[in-house]
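Please open the model in your viewer and keep the selection panel at hand.

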Amino acid sequence: MLWQPSEERKAACTMSAYIQYLNSRYSLGIETYPELHRFSVERAAEFWTSLFDFFDVQYCGSLLPANTDWGFSEYGWFPNVELNFAENLLHKGKPQQRALYGVLESGQVQSITYADLRKSVAALQAGIADSIKEDDVLACYMPNIPATTISMLAATGLGGVFTSTSCDFGEEGVIDRFGQSEPKVLVAALAYQYNGKRFDLTQKIANIVKKVKSIKKVILVDFLNDADQDAALAAIPNAQMWQHVVNTTSEFETPKYVKRKFADPLYIMYSSGTTGQPKCIVHTVGGVLLQHIKELGLHADVTEHKNLFFFTTCGWMMWNWLVSGIFFGGTVTLYEGSPTKPSIIDYCALIDKLNINIFGTSPKFLKALEGETDGLKTLNLTSLESILSTGSPLLPEQYDFVYQHIKQDVALASISGGTDILGCFFLGNPLLPVYKGELQCAGLGMAVDCVGENGARVERGKEGELICRQSFPSRPLGFLNDADNQKINNAYFNQIANVWYHGDFIAITEQGGAVIYGRSDATLNPGGVRIGTSEIYRQTESFDYIQDTVCIGKQVDGDVDLYLFVKPMPNQTLTEGRITEIKQRIKQNTTPRHVPKRVISVVDIPYTRSGKKMELAVSRIVNGKEITNIDAIANPECLGEYELYR
């Protein structure tokens, strides 16, 4: 045990107030978190219903029944409830309270009050109301700046659906996503800056609009104030500048909120697999709201008095999670740019400069901080209460580093979930101690378990598959273009009937926390962003000197490095120039995260006897794990060369 909260801290946290509320409402005697979690799972209808009252959720209709399907055959949550997501996020904030900080790597800071935020949302709504009605999609191809949050609130306030990708996505990656989600409105940045370098997006936006036929209106954002706006408007059809839309329209003085059913669509998220285009996951209005206020309000202890920060792009689910923080009426800090520009210590100094209370980061970032211990000593960090880490498992020695070199009295929470559930299965807890190398607890209302290959529960401390035995509100409504539910069933439910099978190797500890060992399928997870190998293979297939490839993730220092193994065509070799060419094409058409750390020539690629590429077998070899299904491999003689890269 490395840290435990003081009695004063436990008494002051929202989780304690919630336990008192439950005990009073249901005449319970809950005293510990395990008792609270047991209640939340065994009496799940009462648990999820209680969040409406405790957190003052704005809704109309009846809370009965809470759910019509406790398994996963259909989405059955709160069928008689109507609400609006944006209304709930904007309801509590006092007019002059700071809602958002928008921070750029240049050091520029934009401060937006709740009054400003509501006014901007209403102005944008007036400009898009002719295009965005119930179930219509607004897409953002944007950096993590306030305009992106405003776009989401404006669209969802009108009853629309929001989707986004980050600016570092290549043209193909954006078209693969928006071509399926079919937005009517696109909000896009003309340029962005990363690590001191400017990236112009004008031509990419023009090509995307040309190929995604559903887009009827384009709103261009020149947040760097350095673009040729006239040239952009000439190149991109049906385009207007952001400032024209939000400054010249006055139809709505306050935001408009269209009530939606609890199970209506809110977000379209993207999760890439090993074959085909990215899967489009549809999440619900009420499911996202309940899951996020539970996780942020109870597990992360976000309140109206706190400043929440998480480093994320708009192409990662943590952006959606972060912006839900304004529900509580406090401050959310958005950061756009490189955390190493001008230096990693300048970036950490934002904690002192902006009085950040909850700092969200990744194991990869904490690893980078290990060489900056002298710089860390120059920071005060008085406001810092909690450090949240996700993206990959936090290594045990990184827990030591945080307490030895960053701050002794801080709640360190490694959290784990996914785009699939737009939330967490395991996360932090303000009532519990922190144990080295462990995630603190299972989330409230999440009936998680650890099972072996036969589906039977494994004992505490033993490795197995993460499952969830009971439905939860943020389970996906479904996938787009999946009328017979084949895609969603293959993703989560075919392994064990009517049980959520997540695809993570875990062990549940004696304390009731967890250790996460990584993905148990072939999905890649560098920096916490799930990447499908199919997006990489689409690029490598275009080279006439490549016969075949296999891409896997190698666990390195708590993160994942991508290794691309290439089988050249007969009489061809993989030269340094060709390796550079492969990396450049992958970066150009996908994102920098898709670029392999290493590109390696091999004689052959392993396949099953039925002709399926065996990514998982290669992954297990390179990561030093045993292969259990060698009999299924048609060409096992090729496996030896992969052992060189353990």
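In what order do the three strands of the open sheet β20-β21-β22 stand, and with what pairing? The order is β20-β21-β22, and the pairing is antiparallel. Strands here are DSSP runs of E of at least two residues, helices are runs of H or I of at least four residues, and both are numbered from the N terminus. Two strands pair if DSSP finds at least two bridges between them.

The model is predicted: local features need pLDDT of at least 70, side-chain atom pairs count only at pLDDT 80 or more, and totals for chains, interfaces and linings use all residues. Residues are numbered from 1 along each chain as its sequence is written, and side-chain values use heavy atoms, with hydrogens and water left out.

**First selection: the three-stranded sheet.** Select residues 423-427, strand β21, which two antiparallel bridges join to β22. Within this pair, F426 has A442 of β22 as its bridge partner. Contact means heavy atoms within 4.5 Å. Axes are lines fitted to C-alpha atoms, for helices over the stretch in contact, and angles run from 0 to 180 degrees between N-to-C directions.

Select β7 (residues 185-189) and β10 (residues 217-221), which pair in the parallel sense over five bridges. A189 has V221 in β10 as its bridge partner.

Select α2 (residues 14-26) and α4 (residues 44-54), whose axes are 11 Å apart and which pack at an angle of about 110 degrees. The two helices are therefore roughly perpendicular to each other (65 to 115 degrees). To view the contact, display T14, A17, Y18, Y21, L22, R25 and Y26 in α2 with E46, F47, T49, S50, L51, D53 and F54 in α4.

At 67% relative accessibility, G371 counts as exposed (over 50% relative accessible area, with a 1.4 Å probe and protein chains only). Finally, select T202 as well: G371 and T202 are 169 residues apart in sequence and 38 Å apart in space, C-alpha to C-alpha.

Note on methods
Angles under 35 degrees count as roughly parallel, over 145 as roughly antiparallel, 65 to 115 as roughly perpendicular and the rest as oblique. Buried means under 20% relative accessible area, exposed over 50%, partly exposed in between (1.4 Å probe, protein chains only).
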